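Here are a few friendly exercises on aromatic rings and their neighbours. Have a look at the structure, then try each task before reading its solution.

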Amino acid sequence: MSIQSTHENVLILDFGGQYTQLIARRVRECQVFCEIVPFSISSDEIKERAAKALILSGGPSSVYEPGAPSVSPALFDLGVPILGICYGHQLVAKLLGGDVAPAAHREYGATTVHVVNQSSLFSGMESRLSCWMSHGDTVQAPPAGFEVLAATPSTPVAAMGDPRRRIYGVQFHPEVSHTPFGKSLLQRFLHDVAGCRGDWTSSAFVEQTVAEIRERVGEHRVVCGISGGVDSACAAALAHRAVGDQLTCIFVDHGLLRAGEADQVEKDFADALGIRLVCVNAADRFLHRLAGVRDPEKKRKIIGKEFIRVFEETADNMTGVRFLAQGTLYPDVIESGFGSSATIKSHHNVGGLPKRMRLKVIEPLRWLFKDEVREVSRRLGLPEHIVNRHPFPGPGLAIRIIGAVTPERLETLRAADRIFIDEMKASNLYDSIWQAYAAMAPELRSVGVMGDQRTYTCPIILRAVTSEDAMTASWSRLPYDFLERVASRIVNEVAGINRVVYDVSSKPPATIEWE
């Protein structure tokens, strides 16, 4: 049995919107399982998946553009509740005979919407609500059978609904935090309109996933790649609960780790989790393969393939190993190219995997977002210092060095990163930040003065962000005196660095990692 077949399933049809992943997060927060699927999914497949509801996402297109993404009108005859958001709202209106046209005044940003019909979506809400708009086209008149539920001065149909067919549309974005009532609206659609019970909980996930792993593995042995982060630790804990001593964890020191990380991982798994651990020092092997490689996508693919080869070679020395467990998350799958989403970067455990593998891959966390993984980890009893550890990419410091990777550059970056993280913990800032790290741009050099001498060396880049799920992120407003202290220590204690800069870019348009 799969996750999709045992839980209520809502399908989010992706039209390439920048907030599609946020829709999924909000649906999960309503304790309803959901998947992001291509907008081209067929009616037959929707039936096969027994979808409880469909959500049509936003997107950058106009419904009147040649070749604009669309769905078959047969979708509306399935009897499945539908909610269109932004582009999805306009598409519903157009396909069912409504009037969609370019807006006389485009709406971008915070907008006040006036509720004119307190139907099931707006039941019990105020008559005037703040929401987030981002659109050029607008629905001028709803299709036959639809009622106008809300409007703004520039958008006569900001929300509409056909209660008989259970089809709704909203022009604003209920999934973003700038629409304060958005989660309540989604809850009303999911629970009141679609009749979802809300059976997606961490305890139910653990119970089902353990049973699935046990059934699939049988009497065979499993190896699990461990990085020390919460994702791989959670995957290992699930596998260990399912198959016990049939599991052996493999920790690969690829030479791209942060300072002291290898010792910490070994201590955690021996002391905290009690799981059998094999440590493999493969630093020379990875650095040899990365020599002279500057392109970040090539780095990720090289590291991903080499990881698998190390696992396979290590597993060859064990009897009966058939499976490899790893901590792939849903955002990894999405960012590596999924559905209508562009490939942002190939994650080493998704786009970086070799096509031919001797081991069969188990990905127990493939459907989870990061905060869901943390919740499951607590349910499994993992210690808080593992649960709250900042995300660290599988390719490690290789993608935090902008350019070719060398042992000398790695040592410089390790030293700077340790100072940043140590100071953050000493200032009680670490737990309030989603992710913080130092990056290095060794091929970008600038003039400095140290000890009355001219220097011409590279900068260290500090990055700290706040986020819910890594799909979007805001740069952290760290105190100036803290940044000054960190910068002073790095310049004075790390050889070859004469400048420290702080990244104030959010995601989007940037990503959290530099490469």
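A charge sits over a ring if NZ of Lys or CZ of Arg is within 6 Å of the ring centre and within 35 degrees of the ring normal. Keep in mind that this is a predicted model.

**Exercise 1.** Find which residue lies over the face of Trp434.

Solution. Start at the ring centre of Trp434: Arg374 lies over the face, at 5.1 Å from that centre. Now turn to Trp475: the charged end of Arg477 sits over this ring, 3.8 Å from its centre.

**Exercise 2.** Work out how Trp200 and Phe205 pair, and whether they are buried or exposed.

Solution. The structure holds 12 aromatic pairs. In one of them, Trp200 and Phe205 are 5.8 Å apart centre to centre, with 70 degrees between the planes, an edge-to-face arrangement.

**Exercise 3.** Explain why the pair of Phe286 and Phe307 is edge-to-face, and say where each residue lies in the chain.

Solution. First take the geometry: the ring centres of Phe286 and Phe307 are 5.5 Å apart. Planes over 60 degrees apart count as edge-to-face. The planes of Phe286 and Phe307 are at 65 degrees, so this pair is edge-to-face. Then place the residues: Phe286 is in helix 9 (residues 283-290) and Phe307 in helix 10 (residues 296-316). They are 21 residues apart, and the pair links distant parts of the chain. Last, the burial: the cut-off for buried is under 20% relative accessible area. Phe286 has 1%, so it is buried, and Phe307 has 11%, so Phe307 is buried.

Notes. Residues numbered from 1 in each chain as written. Predicted model: local features only at pLDDT ≥ 70, side-chain atom pairs only at ≥ 80, totals over all residues. Heavy atoms only, no water. Phe/Tyr/Trp six-rings, centres within 6.5 Å; stacked < 30°, edge-to-face > 60°. Helix = DSSP H or I, 4+ residues; strand = E, 2+ residues; numbered from the N terminus. Buried < 20%, exposed > 50% of the residue type's maximum accessible area, 1.4 Å probe, protein only.
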